[in-house]
Amino acid sequence: MNNIRKRVVLHFPGFEPLDATAHRARYERSARQAGAVWDFSVSLGELKNFGRAPYFDVSTAGGEWKTQSRVHIVDHDDLVTALNGRPFFTRMAQGYLAAARVASSGGMTGYFRHAWRFGLFFIFPFLLMFIGLLLSLSIAFTPFMFGLPAWSHIGSIALAVAFFVYIFLPQAEKLHTLHLFSDWEMAVAMAGLNGIGGEQWIEACAISVRQALDESDADEIVISSHSMGSSVATHVVGLLLEREPELLRGKRVVFVTLGSAILQCALMRPATVLRSRVGLLARCKDIFWLDVHCLTDAIHFYKTKVVEVCWHPDAEQASILFIRFKQMLSAKHYAKIKRDFLRVHRQYVLGPDVRAFFDFTLMTSGPLPASRFAEFSVKNMPELTVNSGIEAQVVSVGR
């Protein structure tokens, strides 16, 4: 395949409190890091308004190649902000309600069946908050347990509140506990397309994505998605394909799911529309689906065939690329982040310390077709045609 000279990227970020401006800043930091590692130049333009899909342009060059990429950010920061901006007790109550809906709709059973670590990730924030509440109640009722007079409850209740507010909650928030409560509200909404105006929001995103595709005369279109963003991307692109089955005819489209959490939503019984759209994407002959997995990332469905699990065993399954973050980072850097499961989960879209066969910047703004990265994980790869210096380096590292 020839090098990519012009590319359009539609990137659907994960559930993070970052708007398009912040995502552009993160992309720039990662791109400059990748440029230094791979020895190519990179420059980014300013963020431009484009409805629900604002964009910035990226120029990269090295040796005899040059690539222009337009990166649209289809973020859901407005939903994240709305969910996280409510009073504490509202967030807590709604989070536990979302957990109950996940469990009653079969989601939790599916998590432990297909990816037990993801099941533990589901339980973690709710169990942690329950323990904090239980400890606080124990402090409050200490006088009763020891037969102390009623007036002593005044001090124990004050101590319990102080413990919960000033000791427990700050420690819990270091683990983003309440943010994860909101994440599960979002998951329930994406499964049933209700609760937080999910259907209307997806419709608005689809309008902007359709316009971006209209303007595209690129060599390649990359639809990249991270974590919760993979469910959003599936809804948006699936909706467009429902309306226009021939929309992508003749285009080179690569759907890249990074640490995908599609099954976070799709394993719930109400997620019939989402599962149907997974099938639409899998059966679209113009889409090459690359599903990127990492063993050390607990917040995705490692080794699980998402299309098959969504009740489409007869459809073409996504190609799975297995990566290791420890091969992308210095030993010191990896040791620093490996115990922070949320930080590890973000590494898919962050820059490398060393050359490795996966690099988000190369995939979205480098000269190689994104589908080529599927080959770099295969052992004993056949000889490949070297079209550029950077391609030769990636092939060498990937073998």
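Q: Two strands pair if DSSP finds at least two bridges between them; with that in mind, which residue of β4 stands opposite Arg-7?
A: In this predicted model, Arg-7 stands opposite Ser-69 in β4. The two strands concerned, β1 (residues 6–12) and β4 (residues 65–73), pair in the parallel sense over six bridges.

Q: What is the sense of the pairing between β1 and β5, and over how many bridges does it run?
A: Strand β5 (residues 220–226) pairs with β1 in the parallel sense, over six bridges, and within β5 the bridge partner of Phe-12 is Ser-225.

Q: Is strand β1 largely enclosed or largely open to the outside?
A: A residue counts as buried when its relative accessible area is under 20%. Six of the seven residues of β1 are buried, so this strand is largely enclosed by the rest of the structure.

Q: In what order do the strands of the open sheet lie?
A: Eight strands make up this open sheet, in the order β2-β3-β4-β1-β5-β6-β7-β8, and their pairing is mixed. The edges are formed by β2 (41–44) and β8 (319–323), each of which pairs on one side only. On average, and with direction ignored, neighbouring strands of this sheet are turned by 20° against each other. As for β6 (residues 253–258) and β7 (residues 287–294), they pair in the parallel sense over six bridges, with Val-253 opposite Ile-287 in β7.

Q: Which strands does helix α10 lie across?
A: Helix α10 (residues 229–243) lies across β1, β5, β6 and β7, and it runs at about 140° to β5.

Q: Is Ser-225 buried or exposed, and which residues does it touch?
A: Ser-225, which has its place in strand β5, counts as buried because its relative accessibility is 0%. Leaving aside residues up to four places away in sequence, Ser-225 touches His-11, Phe-12, Ser-230, Ala-233, Phe-255, Val-256, Thr-257 and Leu-258. With one of these, Ser-230, there is a polar contact between side chains, at 2.8 Å.

Q: How does the span of helix α1 relate to the expected value, and what follows the helix?
A: The expected span of a helix is 1.5 Å times one less than its number of residues. Helix α1 (residues 20–38), with 19 residues, reaches 26 Å from its first C-alpha to its last, which is close to the 27 Å expected. Its buried residues include His-23, Arg-24, Arg-26, Tyr-27 and Trp-38, and α1 is followed by Asp-39, whose phi is positive, near 65°.

Technical notes: Residues numbered from 1 in each chain as written. Predicted model: local features only at pLDDT ≥ 70, side-chain atom pairs only at ≥ 80, totals over all residues. Heavy atoms only, no water. Helix = DSSP H or I, 4+ residues; strand = E, 2+ residues; numbered from the N terminus. Buried < 20%, exposed > 50% of the residue type's maximum accessible area, 1.4 Å probe, protein only. Pairing = 2+ DSSP bridges. Axes fitted to C-alpha atoms, helices over the stretch in contact; angles between N-to-C directions. Contact = heavy atoms within 4.5 Å. Polar contact = N/O pair within 3.5 Å; in protein donor to acceptor, adjacent residues only side chain to side chain.
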